[in-house]
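Here's a quick tour of a few spots worth a look.

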There are 4 protein chains.
Amino acid sequence: MDTLNIGGKMLKNRLFIGTGKFGDNRILPEVIKKSGAEVITMAVRRVNLDSKDKIDNILEYIPKDCILLPNTSGARNAEEAIRIARIAKAMGCGNWIKIEIVWDNKYLLPDNEETIKATKILSKEGFVVLPYMNPDLIAGKKLIEAGAQAVMPLGSPIGTNRGIKTEEIIQIMIDELDIPIIVDAGIGRPSDACYAMEMGASAVLVNTAIATSDNPIEMAEAFSMAVKSGRKAYNAKLGKQRKTASPSSPLLGFLSEGDAN
Amino acid sequence: MDTLNIGGKMLKNRLFIGTGKFGDNRILPEVIKKSGAEVITMAVRRVNLDSKDKIDNILEYIPKDCILLPNTSGARNAEEAIRIARIAKAMGCGNWIKIEIVWDNKYLLPDNEETIKATKILSKEGFVVLPYMNPDLIAGKKLIEAGAQAVMPLGSPIGTNRGIKTEEIIQIMIDELDIPIIVDAGIGRPSDACYAMEMGASAVLVNTAIATSDNPIEMAEAFSMAVKSGRKAYNAKLGKQRKTASPSSPLLGFLSEGDAN
Amino acid sequence: MDTLNIGGKMLKNRLFIGTGKFGDNRILPEVIKKSGAEVITMAVRRVNLDSKDKIDNILEYIPKDCILLPNTSGARNAEEAIRIARIAKAMGCGNWIKIEIVWDNKYLLPDNEETIKATKILSKEGFVVLPYMNPDLIAGKKLIEAGAQAVMPLGSPIGTNRGIKTEEIIQIMIDELDIPIIVDAGIGRPSDACYAMEMGASAVLVNTAIATSDNPIEMAEAFSMAVKSGRKAYNAKLGKQRKTASPSSPLLGFLSEGDAN
Amino acid sequence: MDTLNIGGKMLKNRLFIGTGKFGDNRILPEVIKKSGAEVITMAVRRVNLDSKDKIDNILEYIPKDCILLPNTSGARNAEEAIRIARIAKAMGCGNWIKIEIVWDNKYLLPDNEETIKATKILSKEGFVVLPYMNPDLIAGKKLIEAGAQAVMPLGSPIGTNRGIKTEEIIQIMIDELDIPIIVDAGIGRPSDACYAMEMGASAVLVNTAIATSDNPIEMAEAFSMAVKSGRKAYNAKLGKQRKTASPSSPLLGFLSEGDAN
């Protein structure tokens with residue numbers, strides 16, 4: 001079976017989803033179900049265990065059999081990311097962590113250098129570390145050395161729905177790095193997700209495109225199908241592109257055997 | 001239910017497939033099954049009713065409940081296309097016809113003017129006419145006047161797997177024409193098919209990308225999922241693209257309430 | 001010398017410009033001068049010979065040594081285009097004519113079929129005919145047969161500044177047709193014009209991008225340089241694209257002769 | 001006048017060129033002249049002062065009034081880059097240095113982290129530092145802090161002629177960073193260079209596309225014009241893109257005042 005091994009977990013579904021920006025968290029269980037996602041990311045900040053109102057607590061809406069991927073959003077350097085990761089573990093969110101280190105508030109682009117530092121420390125502490133990163137082959141190699149279990153390069157800035165604008169470098173990372181590449185951020189359409197999988201990405205993470213759709217539940221299912229489709233196509237191998245045409249049907253000779261040129 | 005009405009038939013599946021270029025026709029039934037296609041195109045030329053060897057006859061491999069869409073490939077002008085259409089009907093292929101009029105052997109680009117002529121005559125004779133065409137808004141309007149039940153603009157030359165390179169004009173046709181637009185030719189990847197559906201195409205026709213894959217049966221299923229995904233996303237409405245980022249997770253303030261900027 | 005022969009005129013400059021949309025026609029002479037354009041298009045409708053106010057008359061602003069390329073904008077079929085062409089000639093605008101037949105007011109996309117008809121008649125009458133057209137290889141071949149001296153496929157709809165979105169078909173036309181291809185409409189940036197020339201186009205026609213710039217005179221010069229640059233690169237032949245890197249500088253061995261891998 | 005200030009030098013020409021890969025160095029003076037380049041990069045490794053054969057010494061072919069931009073190609077970490085920079089200065093190549101730190105031999109993608117380290121040290125030593133980098137907003141901010149006088153993000157891998165595939169991040173860098181952005185590597189066509197300038201880049205560096213052209217001297221001139229064109233267009237401000245058409249010429253009413261719709 002075509003499974004994805006991350007940190008010893010054998011994943012069947014290659015769509016990871018995020019839980020931010022949903023107008024009403026109560027649709028989350030249905031969104032997750034339709035997406036088929038096994039890995040769910042959420043900001044540690046939003047896990048409010050003390051609240052009396054369970055509606056405040058995102059964890060209430062994530063099925064127990066999902067793998068939690070708490071993210072360190074809000075962290076502006078390695079130290080803060082490390083602290084958030086430890087809090088997440090202490091809260092019972094498990095030992096997976098998506099490192100997000102951002103101090104650029106306009107484009108939310110990550111700090112690769114700090115991300116490498118945090119990865120090194122958290123990996124040693126036994127975390128399964130999945131760093132969000134600016135696409136960069138060399139930073140990818142350093143993240144592997146630092147112990148990352150997968151890397152998550154961005155397709156375009158978070159929440160923009162602009163698609164995979166960084167394809168050039170992501171394709172090189174897929175071809176050169178011996179670790180799962182999960183395209184994260186910017187995926188705006190199912191066709192983007194499908195394309196990422198055709199490129200050979202191991203998985204994609206989608207949040208905004210689902211959460212801000214007119215119909216998040218339907219959109220979750222659309223992404224699920226797109227990811228499966230793209231993976232299947234990758235495994236079945238895509239045909240080569242040609243410059244000139246190649247007939248699907250016999251061209252000439254039917255009515256005009258004699259004078260075909 | 002989200003059905004597509006062409007010539008009075010209510011189609012549930014928006015992937016049409018072609019039967020050319022398969023190395024071995026015996027896999028066709030499985031390909032068709034996995035594709036879910038209800039409409040199957042084949043060159044009239046290849047329907048060899050006289051052959052003793054049933055393997056020569058493409059019709060043997062198409063399930064009886066599919067709608068046949070015989071195409072006029074080999075026709076170089078309206079007159080030849082009309083003759084081929086009539087032969088198809090006489091052979092028992094039904095009254096659907098895909099008009100393909102091509103006399104450019106390098107890129108197999110169609111002759112819109114002759115296509116309009118043939119459409120006019122065949123529509124009057126009671127055919128359900130689906131013309132293959134060079135993307136062109138005005139030719140599309142004329143084909144509607146001529147009685148076409150759908151129009152089939154090309155994404156890129158037949159058999160090239162180059163994708164939807166003519167998006168600019170196809171999008172205008174989708175927005176402006178009150179008839180199903182079926183993107184035909186050039187679709188090379190499931191993500192292309194998914195994207196066409198997201199654009200608002202009513203269906204896509206795929207042949208080469210499935211037939212020449214290492215694994216046509218798997219690829220047929222991949223395309224089927226991609227088309228369903230794209231249609232679902234179109235119906236659920238895609239989110240808008242933004243230029244700057246929009247956080248999925250709360251940005252700051254977790255560890256640093258006091259000094260957030 | 002690298003000249004472009006159209007209708008017996010040997011052109012040295014491959015940027016044609018249009019005269020519409022300029023806020024103030026009095027800058028036209030300077031725009032034309034900086035563009036270096038030898039061929040200037042204007043709507044016959046705007047040539048108001050009767051006006052007492054010379055400011056109304058576009059011809060007053062076009063240097064006498066330019067070749068006038070009156071266009072038939074406003075024509076909705078071949079008959080109207082033919083009448084406008086004849087009026088232009090009678091008015092003393094010469095015998096060049098750009099056929100523009102449009103009845104779609106939203107995208108201003110041309111009617112290729114009517115354009116072919118008008119070309120046939122006007123060519124026989126001795127006009128040098130340059131038809132504006134929807135990109136279409138077969139229509140291009142028919143326009144050549146009809147006597148066109150060049151064909152003018154659109155890059156994207158008139159006035160959109162969207163660039164050469166129809167590249168796929170225009171490149172095929174350049175490669176296959178034995179007549180000058182002049183990319184017209186949609187060119188929004190000098191880099192678009194440069195790219196068209198690198199593709200092998202014989203010339204480009206630019207109007208909106210110059211006329212609606214904050215500084216039309218500077219923009220005219222920018223386009224002039226871009227067209228010359230693209231043509232020069234086409235003649236000098238562009239290098240091939242590679243998938244992997246190729247060092248410009250010696251890679252290793254400077255400080256590390258011994259251990260270079 | 002529109003000059004570019006780098007390290008106190010007021011540059012008039014925004015095309016920088018490289019000296020690698022020329023089949024015959026003796027054409028270099030003419031290439032440089034036609035390019036108009038004021039800044040010329042060359043690998044320190046190739047400066048062979050000891051050679052008796054002047055043909056070995058690249059410096060012999062660079063006019064004395066050009067600014068030398070020696071690059072550290074061959075360096076695999078900050079330390080090696082620093083040593084090469086110091087050698088270059090000692091050799092009389094001036095105090096400009098392009099830091100190139102590469103240990104990936106397939107795509108020649110740079111190591112941003114090491115590049116930041118080298119920049120910090122060399123800037124303090126009084127070098128005018130221009131680092132070659134993987135496009136990355138945050139690394140760009142750190143390079144500014146480290147004292148870089150400009151940053152040189154890659155458009156695509158060195159020598160590939162693939163164009164500006166990293167546009168998404170480079171555009172953000174141009175918009176956000178308060179330092180000259182010089183697009184380096186991958187520029188394959190004059191239209192790429194023109195486009196970079198239209199985006200707002202301060203300059204471009206071109207080597208392979210000129211050196212490997214059939215006619216490097218002509219190609220140098222083509223790039224020179226393209227860069228000037230793109231800069232001029234940037235200053236004159238490009239028009240906005242529209243979705244629907246906007247007529248350049250009056251649409252209707254010429255022959256049909258009465259019935260225009």
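Let's start in chain C of this predicted model, with strand E5 (residues 67-71), which is mostly covered: five of its five residues are buried. In a regular strand, side chains alternate between the two faces of the sheet. Here C:Ile67, C:Leu69 and C:Asn71 point one way from E5(C), while C:Leu68 and C:Pro70 point the other way, and all are buried.

| Direction from E5(C) | Residues | Burial |
|---|---|---|
| One way | C:Ile67, C:Leu69, C:Asn71 | buried |
| The other way | C:Leu68, C:Pro70 | buried |

Which strand pairs with E5(C)? That's strand E4 (residues 39-43) of chain C, running in the parallel sense with five bridges between the two. Within that pairing, C:Met42 sits opposite C:Pro70 of E5(C).

Now over to chain B. B:Thr19 sits in the loop that links strand E3 (15-18) to helix H1 (28-35) of that chain. Is B:Thr19 buried or exposed? B:Thr19 counts as buried because its relative accessible area is 1%, against a cut-off of under 20%. A polar atom of the B:Thr19 side chain lies 3.0 Å from the backbone oxygen of B:Thr41. Leaving aside residues up to four places away in sequence, B:Thr19 also touches a set of residues including B:Asn25, B:Leu28, B:Ile40, B:Met42, B:Arg46 and B:Asn207.

Finally, the chains as copies. Chain B can be laid on chain A by a turn of 180° and a shift of 0.0 Å along the axis, with an RMSD of 0.0 Å. The two copies are therefore related as by a two-fold rotation axis. Both copies use the same surface, with 100% of the contact residues of chain B recurring in chain A.

Definitions and conventions:
Residues numbered from 1 in each chain as written. Chains lettered and ligands numbered in written order. Predicted model: local features only at pLDDT ≥ 70, side-chain atom pairs only at ≥ 80, totals over all residues. Heavy atoms only, no water. Helix = DSSP H or I, 4+ residues; strand = E, 2+ residues; numbered from the N terminus. Buried < 20%, exposed > 50% of the residue type's maximum accessible area, 1.4 Å probe, protein only. Polar contact = N/O pair within 3.5 Å; in protein donor to acceptor, adjacent residues only side chain to side chain. Contact = heavy atoms within 4.5 Å. Least-squares fit on C-alpha atoms with pLDDT ≥ 70 in both. Pairing = 2+ DSSP bridges.
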